[in-house]
Amino acid sequence: FFFFFLMIRRPPRSTHCISSAASDVYKRQIKTMEDFATKLRKKRKDEKVNSKRMHSFPSDSVSTKEFYTKLHEVSPLFLNPGILLDDKMKQALKELETSDLMRIKLVLSFVRRLLAQAFNSPAELALKLGFIYKLAQFMIIPDNDIQLETLWILINMAAASEEAVRQIRAHGLHYRAVELVDSKDEEIKEHSLWLLGNLVAENAEVREEMLAAGLIKRLIAILSLGSVRIGLLRLIPWIIGSLCKRKPLPPIEEIEQLLKNLNNLLYVKDEEVVSDTLCALSYIAEHSVESIKLIAEHVHLPAICDMLLHSNLLVVKSALVVLGSVCMGDTADVNCVLEANCLPKLLLVIQKNTMCEILKSSAWVVANIAADAESHIDEIISSKCIFEIIDMARNVAEPSTRKEALYAINNCILAANSHQIEQIADSKINEMLINVLDSTDLLLLMSAIEILSNLLEAGNVGSLVNKYAQKFYIAGGKQKLELLLAHKNETVCARALAILNEYYGYEELPIESNEDKMDIGY
């Protein structure tokens, strides 16, 4: 062992300084919000539309037999199985050319039932026939049932195609819908919001026009009420998310007031309400440092941390994205997350989940906490999150999850002081690094080399012998680096050689020819 200690020399380098490495410690917006949560939101939107198509409707309280009897009186064509759907829709449009409100109501209900079909829905046909032009007339008729049937038809048409959204906007029906949000009739209020949600989600121009028309103020007014029906509560955060997803963010004054009211939704015993509220918060946080600070100051972060232990994975994922986004802010914002008891619950998330998206987002949160300040590293270590993330980087097969874990580890090492690095190095970090150095994934390989380089550099401080280089050698790391000298990527080769030269006195010996060998000793 004496010879071994001589080989591991401490090279003459500058002292490892946290401030000098500050530019290497970084916070990032994670792409998994787009890759995972957005897809699930889109899936839920489709589910919402389908449930809306199949859900019972107030006017359906009339018995089916009575309804079809009255419909037959309007036009026998509607119930004739030999008549094509195209002809029935054309007949419906013709029958709407009347001033008889009861007749209009029956025909609209028939059209709505056709559109409610999960398969073979005639939404595109209704669009081509010019139904939206006719429906625009019914939006202003002061009859609740007719307005409700009209809104329902428009909801399903808007969900069917972008062209329907364009035509609805062209006829100004979104302005009429935002007026109907003020209706005293709860059904009309709810269906108006549903229509606006579909329109805002699909069209940037509608979003801008609805913001200018005061839609957010109306949503705040509804949330401010003492009691709000669950149908409205399920729509409002979904709409807020659509309004805040695009840039620019609505006025800060409105966002501040909105955040105060969204807090109540975090405590609603409904997974859809909670997950959509978290998604809306994550969209707000993505805009700017100012929006992050508003969330840190006004949102109940302890409630969001509690969501980390929720049984619904979308709720957990959305909570992680909010917390990670807040940690993109300054030290005060990160402190708010830590004071909300985030890390102990994050540890449980990592320990009990196998879903890669959850593990990846958990590592991202830790990476952003670590990137903020040295003082936070102690909490990451004491919570044991860093050790679970080291195991994650070693044992999880999915590459993007391993990369996120490696980012978190590297940030911790770069931000840590010598005592903190020693605690991290005493874990299974060498086994993890050696495992990753076998990877065929170039980004994983480069991340592992980066961590190793930073770890060994930290070992230069305060001792003539680099103990981290010793431990890596004992674990078999030197041999792994030597194998990388034959890697097809030049950067990998160069960095492996640099570490070998600097910490292990490695020198590549020239390959001797057989002739040279024969001359030796003779």
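The model is a predicted one. Within it, helix α10 spans residues 173–180, and L173, H174, A177, V178 and L180 of this helix are buried. Viewed down the axis of α10, these buried residues fall within an arc of 155 degrees, and they therefore line one face of the helix. The buried residues of α10 pack against α7 (131–138), α8 (144–160) and α9 (162–170), as well as against α11 (186–202), α12 (204–212) and α13 (215–223).

Helix α16 (residues 271–285) and helix α17 (residues 289–298) form the next pair: their axes come within 8 Å and cross at roughly 140 degrees. On the α16 side the contact is made by L281, I284 and A285, and on the α17 side by S291, I292 and I295. Sorted by class, this contact of α16 with α17 has 5 nonpolar residues, 1 polar residue and no charged residues.

The second pair consists of helix α30 (residues 477–484) and helix α31 (residues 490–504), whose axes come within 8 Å and cross at roughly 140 degrees. These two helices, α30 and α31, are therefore oblique to each other, and α30 passes α31 in a left-handed crossing. From α30, the residues K478, L481, E482 and L484 meet V492, C493, A496, I499, L500 and Y504 of α31. By class, the contact of α30 with α31 comprises 8 nonpolar and 2 charged residues, with no polar ones.

Note on methods:
Residues are numbered from 1 along each chain as its sequence is written. This is a predicted model: local features need pLDDT of at least 70, side-chain atom pairs count only at pLDDT 80 or more; totals for chains, interfaces and linings use all residues. Side-chain values use heavy atoms; hydrogens and water are left out. Axes are lines fitted to C-alpha atoms, for helices over the stretch in contact, and angles run from 0 to 180 degrees between N-to-C directions. Helices (H or I, at least four residues) and strands (E, at least two) are DSSP runs, numbered from the N terminus. Angles under 35 degrees count as roughly parallel, over 145 as roughly antiparallel, 65 to 115 as roughly perpendicular and the rest as oblique. A crossing is left-handed if the near helix is turned anticlockwise from the far one by less than a right angle, and right-handed if clockwise. Contact means heavy atoms within 4.5 Å. Ala, Val, Leu, Ile, Met, Phe, Trp, Tyr, Cys and Pro count as nonpolar, Asp, Glu, Lys and Arg as charged, and the others, Gly among them, as polar. Buried means under 20% relative accessible area, exposed over 50%, partly exposed in between (1.4 Å probe, protein chains only). The arc is that of the directions from the helix axis to the C-beta atoms.
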